[in-house]
Amino acid sequence: MVTRLDHDADVAPWLAVAADRGMEVRWLDFSPETGRLDVTALLALVAPRTRLVAVGAASNALGTLNDVPAMVGTVRAGSDALAPRSRQPPTAAAHG
């Protein structure tokens, strides 16, 4: 699973691997009003066969800081959650 808030450089490699391996990619949308990922919708997208949820810690387009701990908490125990921190401001890393 990838998000519509993340930069193409973060999403494209996952799409390429999925295409190569015949896997389905699900997309987590964000709210146009708040610019935040819809954590509630994450529950509906995670399925028993979900193996990876990749979310960015921050959006380089909108400046949104995502609540990664909340998203990781909603992912079922059998999935891995990956949150690239390359675009996360240093102050956010210190607080979260």
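The model is predicted, so to speak of local features we need pLDDT of at least 70, side-chain atom pairs count only at pLDDT 80 or more, and totals for chains, interfaces and linings use all residues. Residues are numbered from 1 along each chain as its sequence is written, and side-chain values use heavy atoms, with hydrogens and water left out.

So, the fold. We've got four helices and four strands, and reading along the sequence you get β-α-β-α-β-α-β-α. Those are DSSP runs numbered from the N terminus, with helices being H or I of at least four residues and strands being E of at least two. Of the 96 residues, 32% are buried; buried is under 20% relative accessible area, exposed is over 50%, and partly exposed is in between, using a 1.4 Å probe and protein chains only. Now take contacts between residues at least 6 apart in sequence: 66% of them join residues at least 24 apart. Contact here is heavy atoms within 4.5 Å.

On to charges. How many salt bridges are there? The count is three, where a salt bridge is a side-chain nitrogen of Lys or Arg within 4 Å of a carboxyl oxygen of Asp or Glu. Let me start with Asp29 and Arg4, whose closest N and O atoms are 3.0 Å apart. Asp29 sits in the loop between strand 2 (27–28) and helix 2 (39–45), and Arg4 in the loop between strand 1 (2–3) and helix 1, so this pair ties together parts 25 residues apart in sequence. Both ends are partly exposed: Asp29 at 43% relative accessibility and Arg4 at 45%. Then there's Glu24 with Arg26, at 3.5 Å from N to O; Glu24 is exposed at 62%, while Arg26 is partly exposed at 29%. And Asp20 pairs with Arg21 at 3.9 Å, both of them exposed.

Next, two buried residues with polar side chains to look at. Thr3 is in strand 1 and is buried, at 1% relative accessibility. Its side chain makes a polar contact with the side chain of Asp6 at 2.6 Å. By polar contact I mean a pair of N or O atoms within 3.5 Å; within protein, one must be able to donate a hydrogen and the other to accept it, and residues adjacent in sequence count only if both atoms are side-chain atoms. Setting aside neighbours within four places in sequence, Thr3 touches Val11, Trp27, Leu28, Leu37, Ala54 and Val55.

Ser59 is in the loop between strand 3 (52–54) and helix 3 (68–74), and it's buried too, at 6%. The Ser59 side chain reaches the backbone nitrogen of Leu62 at 3.0 Å and that of Ala61 at 3.2 Å. Not counting residues up to four places away, Ser59 touches Leu5 and Thr64.

Last stop, the largest pocket, at about 510 Å³. A pocket is an open set of points on a 1 Å grid over the protein atoms alone, where a 1.4 Å probe fits, with protein on both sides within 12 Å along at least five of seven lines; lining residues have an atom within 4 Å of a point. What lines the pocket? There are 15 residues, with Met23, Glu24, Arg49, Thr50 and Arg51 nearest the centre. By class that's 10 nonpolar, one polar and four charged. Helix 1 (residues 8–21) gives the largest share, three residues.

Key:
Grid points are joined across faces, edges and corners, and a volume is the space filled by probe spheres set on the points. Ala, Val, Leu, Ile, Met, Phe, Trp, Tyr, Cys and Pro count as nonpolar, Asp, Glu, Lys and Arg as charged, and the others, Gly among them, as polar.
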